[in-house]
Amino acid sequence: MSSPSPSSARLDVTQGPLMGNSVPLSFPETIVGRETDCHLALTDYHEVSRRHARFYWRGGTWCVEDLGSTNGTFVNNVRANPAFSLTDGVVVQMGDFHARFRIDAMSTQVTSSRATQLSPVPPIPYPSNYPLPVAPAPNGPYPLGYPIAPPKNSGLALILSFLFAGLGQLYNGETSKAIPMLIGHFFGALFTLFCFLGAPALLGLWIWSMVDAYQSAERINRESGWPRSY
């Protein structure tokens with residue numbers, strides 16, 4: 001029974017400057033990133049990190065591993081944390097780079113053991129050890145590979161900071177940021193009672209708290225591996 005060789009895999013790009021191109025994975029380990037010395041240099045994709053991810057051949061299958069990138073690596077909207085094995089047709093997203101992973105059908109015989117769409121695999125550390133794959137929620141409503149913690153509601157975080165600066169950050173779990181904001185809002189309101197000049201500072205803190213709470217909730221969801229449609 002045959003399995004795909006390292007040279008039989010490719011990425012069919014579906015978004016951005018390289019859209020429509022088919023990029024072969026010609027090496028048993030292919031580093032992808034924005035730096036020009038990467039095997040696959042995505043210099044025109046601004047949301048791709050300098051050394052974003054690597055595709056590597058292991059145990060008769062292709063795998064992808066995120067290399068600590070800013071925007072993460074996703075396979076069918078599931079974060080590769082830290083690595084996933086790949087099957088033909090899955091969608092790989094690295095920042096604003098989207099592509100469909102393909103294996104040459106002439107050199108592939110898919111067995112029943114590879115019938116699942118996504119299979120977590122232990123990564124080969126590069127360049128240092130990475131955390132173990134995220135455990136699935138037991139009997140939960142989320143697919144395998146999703147984080148156990150529910151997503152943050154960015155709208156709710158904004159509303160809480162609208163009521164009192166710092167409450168949105170407290171909801172997001174950013175205690176070190178929330179406490180100074182709560183104290184600043186309290187003393188700013190107190191100072192405004194005796195001096196009108198305190199009002200602009202209080203207004204600035206209030207607006208900044210709302211914007212920061214919303215953006216932080218979005219960032220936490222993105223870094224936790226939740227797709228945008230939450």
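Helix α3 spans residues 175–194 and contains 20 residues; helices here are DSSP runs of H or I of at least four residues, strands are runs of E of at least two, and both are numbered from the N terminus. From its first C-alpha to its last, α3 reaches 29 Å, close to the 28 Å expected at 1.5 Å a residue, where the expected span is 1.5 Å times one less than the number of residues. The model is predicted, so local features need pLDDT of at least 70 and side-chain atom pairs count only at pLDDT 80 or more, while totals for chains, interfaces and linings use all residues. Residues are numbered from 1 along each chain as its sequence is written, and side-chain values use heavy atoms, with hydrogens and water left out.

Ala178, Met181, His185 and Gly188 of α3 are buried (under 20% relative accessible area; exposed is over 50% and partly exposed in between, with a 1.4 Å probe and protein chains only). These residues lie on the same side of α3 because they cover an arc of only 95° around the axis, the arc being that of the directions from the helix axis to the C-beta atoms. Exposed residues Ser176 and Phe194 are carried on the face of α3 turned away from its buried side.

Strand β11 (residues 97–103) is mostly covered, with five of its seven residues buried. Strand β1 (residues 9–13) runs antiparallel to β11 and is joined to it by five bridges; two strands pair if DSSP finds at least two bridges between them. Leucine 11 has phenylalanine 101 of β11 as its bridge partner.

Strand β10 (residues 91–94) also pairs with β11 in the antiparallel sense, over four bridges, and valine 92 has alanine 99 of β11 as its bridge partner. β10 and β11 form a hairpin with two residues between them. In the turn, glycine 95 has a positive phi of about 65°.
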